[in-house]
Amino acid sequence: MKSLYLYHSFPEWYQFLTATFCHGSWNHLSSNLFFLYIFGKLVEEEEGNFALWLSYILTGVGANLVSWLILPRNAVSIGASGAVFGLFTISVLVKMSWDWRKILEVLILGQFVVEKVMDAAQASTAISGAFRGGSSMSSINHIAHLSGALVGVMLVWLLSKVPSEPT
């Protein structure tokens, strides 16, 4: 199973994807599944099943790629958190409208993530010391959280530029 983790020192190409399906503990898995259910459902309702899978894969791989570029070579990346943050961003941007029900839904669901985003932003400013001393497996990859969200923003922006068929 550990061959599916993203080892930053000598990564295999497939590990950028497979690491998004691996988790370090039951708690890690259950929290990602909880948020994946909430935000994945929102993306699927608005954009469909294919868009959900494509968004998950692109935000997860994008988050792992940025982590690999930024973090030290002794780091190891696992988990769906980057993809979950990407789906959160996509769901918020897709739901944004002047419909009061959609705004209320985004505000209620957003409260679950706002604190984590703020923690990730704070922690990423001190990333130089995040992997010193202990195993990189016990650390939280805040870079993946932030970059997953940014990849989600870029996906929505890119897709907004694609002309749609007239209805």
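Which helix is Trp53 found in? Trp53 sits in helix α3, residues 49–70. Hold on to that residue; we will come back to it.

First, the ground rules. This is a predicted model, where local features need pLDDT of at least 70, side-chain atom pairs count only at pLDDT 80 or more, and totals for chains, interfaces and linings use all residues. Residues are numbered from 1 along each chain as its sequence is written, and side-chain values use heavy atoms, with hydrogens and water left out.

Now the overall picture. The protein has six helices and two strands. Both kinds are DSSP runs, numbered from the N terminus: helices are H or I with at least four residues, strands are E with at least two. From the N terminus, the order is β-α-α-α-β-α-α-α. The protein has 167 residues, and 40% of them count as buried. Buried means under 20% relative accessible area, exposed means over 50%, and partly exposed lies in between, with a 1.4 Å probe and protein chains only. The accessible surface comes to about 10100 Å². Carbon and sulfur atoms hold 68% of that surface. Such areas come from the Shrake-Rupley method with a 1.4 Å probe; for residues, only the protein chains shown count as cover.

What about contacts along the chain? Take those with a separation of 6 or more: 77% of them join residues 24 or more positions apart. Contact here means heavy atoms within 4.5 Å.

Ser9 lies in the loop between β1 (6–7) and α1 (15–18). Ser9 is partly exposed, at 38% relative accessibility. Ala75 is 66 residues away from Ser9 in sequence, yet their C-alpha atoms are 7.5 Å apart.

Next, helix α2, residues 26–47. Asn32 is in this helix. Is Asn32 buried or exposed? Asn32 is buried, at 6% relative accessibility. Setting aside neighbours within four places in sequence, Asn32 contacts His23, Gly79, Ala80, Ser81 and Val84. With Ser81 there is also a polar contact, side chain to side chain, at 3.2 Å. A polar contact is a pair of N or O atoms within 3.5 Å; within protein, one must be able to donate a hydrogen and the other to accept it, and residues adjacent in sequence count only if both atoms are side-chain atoms. Ala83 is 51 residues from Asn32 along the chain, and their C-alpha atoms are 9.3 Å apart.

The rule asks for a side-chain nitrogen of Lys or Arg within 4 Å of a carboxyl oxygen of Asp or Glu. Lys41 and Glu45 form the bridge, with their closest N and O atoms 3.6 Å apart. The two residues are four places apart in the helix, so about one helical turn separates them. Lys41 is partly exposed at 38%, and Glu45 is partly exposed at 49%.

On to the aromatics. The structure holds eight aromatic pairs. One of them is Phe34 with Phe35, an edge-to-face pair with 5.2 Å between centres and 70° between planes. Rings of Phe, Tyr and Trp (its six-membered ring) pair if their centres lie within 6.5 Å; planes under 30 degrees apart are stacked, over 60 edge-to-face, and the rest tilted. Phe34 is partly exposed at 42%, whereas Phe35 is buried at 13%. Ring pairs also tie Phe34, Phe35, Phe39 and Phe88 into a cluster.

Two of those names come back at Ser91. Ser91 lies in helix α4, residues 81–95. Ser91 is buried, at 4%. A polar atom of the Ser91 side chain lies 2.8 Å from the backbone oxygen of Phe88. Not counting residues up to four places away, Ser91 touches Phe39, Leu42 and Val43.

Ser147 is buried at 6%. Beyond four places in sequence, Ser147 touches Gly62, Ala63 and Val66.

Finally, back to Trp53. Trp53 is partly exposed, at 48%.
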